[in-house]
Structures are given as C-alpha cells and as structure tokens.
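Subject: The model, and some notes to go with it

Hi,

Here is the structure I promised to pass on. Have a look at it first, and then read my notes below.

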Amino acid sequence: MTARPRASLRRVLEDLGSTVLDVAVSPGDLDAEVTGVHIYDPLDEPLLQEGALVLAVGVDSAERIRALLDAAGPAAGVVVKQPVEVDEPLRAKVLETGVAVLGLTRAASWAQVAALLRSLLAELRGEGDLAEPGEPPPDGLFSLANAVCALLDAPVTIEDRSSRVLAYSERQEEADPGRVATVLGRQVPERYRRMLEEGGVFRRLYQSREPIYIELDDEGINRAAVAVRSGDEILGSIWAAVREPLSEQRRRALADAAKIVALQLLRQRAGADTSRRLRADLLSTVLAGGREAAEAAGRLGVASERLCVLAAQLTEEAYDDDAARLEGDRQRFCDALALHVGAIHPKAAAALVGSVAYAVLPLLAGGQEETRAVRVAESFLTRVGPRHAANIGVGRLAADLTEVARSRADADRALRVLRARGASGKAAGYTSVHFEALLLQLSDLVRAEKQAPTGPYERLLAYDAEHGSELVATLRAYLDAFGDVNAAAARVHVHANTFRYRLKRLAEIGGLDLADPDARLGVMLQMRIFGR
C-alpha cells in the first residue's frame, strides 16, 4: 500500500516562494507536515486539525499572535499579513509551541492565499485521500514548474487556455509586477491578457509548435512561451520571464518540457474526473444515511455529527440549451462551493450529484443552526452571483449520520420551492418554506393518483368554462383578502356591490358555505394544488 505523500511546511514555502509567504518567526526546522488550511475566526471556537496552516485574518499585533499560538494547538503554522510585529515574548512563544509564524504579502487577499495553498497541497499529496489503492501519486505541476525554471534559469508559470495559473516556479520575485499580480491572483490580469490578444500573441502561440519570444516593450520583462498540446488539442501553455531570446538549447528544453506538462495535465484531468466521481459516490452514500454512511464519511474526512445539508443548483434558463457550457459551469460551481464550505469547517465536503451540488456542513453548538447555514449559503451566492445564477436549499440540523438523509430531503424540498417561485440567487431553509413544500408534495400525490377537482371548486370551474364568467377569480380574490369585500373588489376592478352579487352567485352555484372555515380551507387548497 502506497503511503500518503507528505507536504512539509518547508516544501510549501519553497514552492510558493517569498513572493507570497515568508518566515517571520521559526521554531527551528520547518519539517512539520501541513495537512490542511484553516481560516481563523475569533468569533468561532477553533477546531484545528493537526498540521493545519492557520490563516489569521485580522490578527495584527504580537500580543494577538501569541494568544492565537496558545489556541492553535497542533497547527503547523500561523499566517498573518506583513509587516509582522515580532518581539521577544513572541519568539519565546513560537519556541514553546513549535508553531511557525509566516508573513503574507499585503498585496494578496486571504481568498487568494487559501486557494493557492489548497491547490498546492492537492498537488503535493496527489489527492492522496481519494487516490486509487496502490497507485503512486503523480509528480506535481509545481515540481515541474521548478524543474523548467532550473532548465531555463527563469521564473515560470504553467497556465490553462483561459490564462489561469495552474502552477508556478520559485524566483517569481525576479519577474515584473505583471507576473507577481498573475501569481497572486492565479490569473493573468485582464489588462495584460487584452494586450496579448490585441497583439496577436495567443494566435502566434497556438499556431506554433515551437516556443515563441514576446517583447513587452515598457510593460515588463519579455516572455518566452510554448503551447502545451495533446495532438491538436491545446491544453495550456508555459511562460518564462526572460530578458533575451532563448538559446537553441533552452528552446529545445522548453519544447520538451511542454510534452511532459501535457502528459501531467492529461493525467490530472483523468485523475480529477475519477476523484470527482468517487467523491460524488461517497457523498451520495453519506446523504443516504444507511449502514455504509459512517465508512463513506470517514473516507471523505467529513464530520459525523451536527450537520446541515445544502442543496445548490444553477438556474438553467440562462443557458439556452447549451448543455456543454451548463455542465462545465455546474462543475466549477460545485468546486467553488466545496472551497467555500471547506474554508468554514475543515470537515465539510461538497460534490456534484446529478445536476445538484450537495454540501455537508458541520456546525458548532449554539442554536439557530439552520439560520446560520442559510447565512453561509447566502454569503456563497453573493460571491458567485456575478458568474453563476443559482439557488440553495438548506436542510434542518442532523444530530448524526442517521438523520442526514432527512436533512438532504429537507434541502431538496427547499430548493424545489425556490424553483417553483422562479427565484434566482436565493437561499432558503426548510422550516421557512415548510408549508409551500408540503403543498408541492401534496400536488405530487394528486398528479400521481390522477385526481381532479371536486365539490364546490369543480362546479365553479365548470360554470366558468360554460358561461365565460369569473366566479373562481372572484372567490380567489375574496379568500386572498381575508373576506374584506372592498379590498377584494378593488383587486378584480369591480364595484363592491357587484362583487357581493358575484359572491352570492358563486356560493349558490358551487354550494359553498363561506362561513364554514373547513369549506374555505378545502377550496383554498384545491386552488393552490390544481392551480387553475
């Protein structure tokens, strides 16, 4: 059985480089294993797994860093924004706890560094938790980027077709501000991308099977780049910041490196597909709540108590039957949801099951768990709103894995209510839409049994159909106005006396006693269920 690859703190720092992270105070060696990323919130009880890298948002003084080190327990390191205030008591506390303090460049956002670290850890571990038994972990793209950097003696990025950074080498501090912004944002800034497009650089790059040289004039250090191909398919590109054209030997090295990167990207694509399918299967097992749920939760690394299920789905009307774009956006949407809930709790998980992205979110005790989970969902929708229109249903709290299936059913029903409303960008907890969900379930039963309107409602529908009258609309206005004749008459734009006459006629024709609360409830339910 292959051992899980180990991501040491030293290796993380070497791969990220001093452009992003630097050591402020070290307990000595940096061999502690980094097992995950945790975003610190002073309002929440810290639930730190051993080896966590703690992103200390808002912690800006030596005193507060010392207090966090006391609470960090088994963490591998604490990250604070530069400049880091370091005094002798802090140095002593680092030696006492064995937890390193790292400084993050002020130009980076916490979201950026969280994404960078999670991506790097996944590379270093080779997705160890979900790898096939007996399969060795693949060499990471970050390692390949460093190897190409050594061959070319220049800092390197590996990018996909959309100019998103998949990996980068060390020595990025030697490049220009454009490269630094690219590394921090994991994306070539729009200004530089537009400049390359208008200059025909991408066209040259993708038409050539050899490296090309790009002069950037006053925009920074020049670039050498090569397309990464699999046959005729463009997978991405490699970019090196260089001050002069490459020698023939270095050109050959860059061209050969592109072939190795292509193999790695293909392996990762296949592995990611397998990993996603496995995660979806495991999460489906957890959501079913059967005998195998505990084992599946263990393999996923998710919590087994105090869980809320979130059911998130894109609103598909905006895709105009573009199935390929919809499927791609579904997966990106699910990946974003997984990142969001993972930042909140290290034992959360998300996966795409069919067309719905499900997340299992552990919650600390404190009451109003469903409300808190809805706030998490609303925060996520606010973040992704410009890119993805979606709705999220939130289930009731599950005390343990045996209740997760119920929470999942709750979330599905809440999501269905939002779809029935025609909502977009909304989140709802099951308890807040309970009655609407019950009506939809009752409608399902009526359709399944092919039932039809009966009693007074049936007679009023038949009379309207035969005579072209509006008795059903009159009755609906009356019930919606809680029996206020004047308000109901205004709603249907008739005089109050005319409305009273119609009300008397519909009571006679339908045989409906409007003074009987059960009769009113019965006809109201039929109106809602049959929707006529």
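What follows is a short tour of some helices, ring pairs and backbone features.

First, the ground rules. This is a predicted model, in which local features need pLDDT of at least 70, side-chain atom pairs count only at pLDDT 80 or more, and totals for chains, interfaces and linings use all residues. Residues are numbered from 1 along each chain as its sequence is written, and side-chain values use heavy atoms, with hydrogens and water left out.

Seven of its 10 residues are buried, so α16 is largely enclosed by the rest of the structure. Buried here means under 20% relative accessible area, exposed means over 50%, and partly exposed is in between, with a 1.4 Å probe and protein chains only. The buried residues of α16 are Leu471, Val472, Thr474, Leu475, Ala477, Tyr478 and Leu479. Their cover includes α15 (455–467), α17 (485–491), α18 (496–510) and α19 (517–530). Just past the end of α16, Phe482 has a positive phi of about 55°.

How does α16 sit against α18? Their axes come within 10 Å and cross at roughly 110° (axes are lines fitted to C-alpha atoms, for helices over the stretch in contact, and angles run from 0 to 180 degrees between N-to-C directions). The two helices are therefore roughly perpendicular to each other; under 35 degrees counts as roughly parallel, over 145 as roughly antiparallel, 65 to 115 as roughly perpendicular and the rest as oblique. On the α16 side, Leu471, Thr474, Leu475, Ala477 and Tyr478 meet Phe499, Arg502, Leu503, Leu506 and Ile509 of α18, where contact means heavy atoms within 4.5 Å. Sorted by class, this contact has eight nonpolar residues, one polar and one charged. For these classes, Ala, Val, Leu, Ile, Met, Phe, Trp, Tyr, Cys and Pro count as nonpolar, Asp, Glu, Lys and Arg as charged, and the others, Gly among them, as polar.

Thr474 is worth a click: this α16 residue is buried, with a relative accessible area of 1%. Leaving aside neighbours within four places in sequence, Thr474 is in contact with Phe499, Arg502, Leu503 and Leu506.

α18 also packs with α15, at an angle of about 115° and with the axes 8 Å apart. That makes α15 roughly perpendicular to α18. Pro456, Arg459, Leu460 and Tyr463 of α15 meet Arg505, Leu506, Ile509 and Gly510 of α18. The residues of that contact divide into five nonpolar, one polar and two charged.

Aromatic pairs

There are four aromatic pairs, counting rings of Phe, Tyr and Trp (its six-membered ring) whose centres lie within 6.5 Å; planes under 30 degrees apart count as stacked, over 60 as edge-to-face and the rest as tilted. One of them is Phe202 with Tyr206, stacked at 6.1 Å centre to centre with 20° between the planes. These residues are four apart in helix α8 (residues 201–207), so about one helical turn separates them, and both Phe202 and Tyr206 are buried. Phe333 and Phe380 have ring centres 5.4 Å apart and planes at 50°, so that pair is tilted. It links distant parts of the chain, with Phe333 in helix α11 (residues 323–344) and Phe380 in helix α12 (residues 369–384), 47 residues apart. Ring pairs also link Phe202, Tyr206 and Trp239 into a cluster.

Backbone features

Most residues other than glycine have a negative phi, and most peptide bonds are trans. Against that background, the peptide bond from Gln82 to Pro83 is cis, with omega near 0°. Pro83 is placed in the loop between β4 (77–81) and α3 (88–97).

Asp153 has a positive phi near 55° and is found in the loop between α5 (141–152) and β6 (156–160). Arg186, likewise not a glycine, has a positive phi of about 55°; this residue lies in the loop between α6 and α7 (190–198). Buried or exposed, for Asp153 and for Arg186? Asp153 is exposed, with a relative accessible area of 51%, whereas Arg186 is buried, at 14%.

Best wishes
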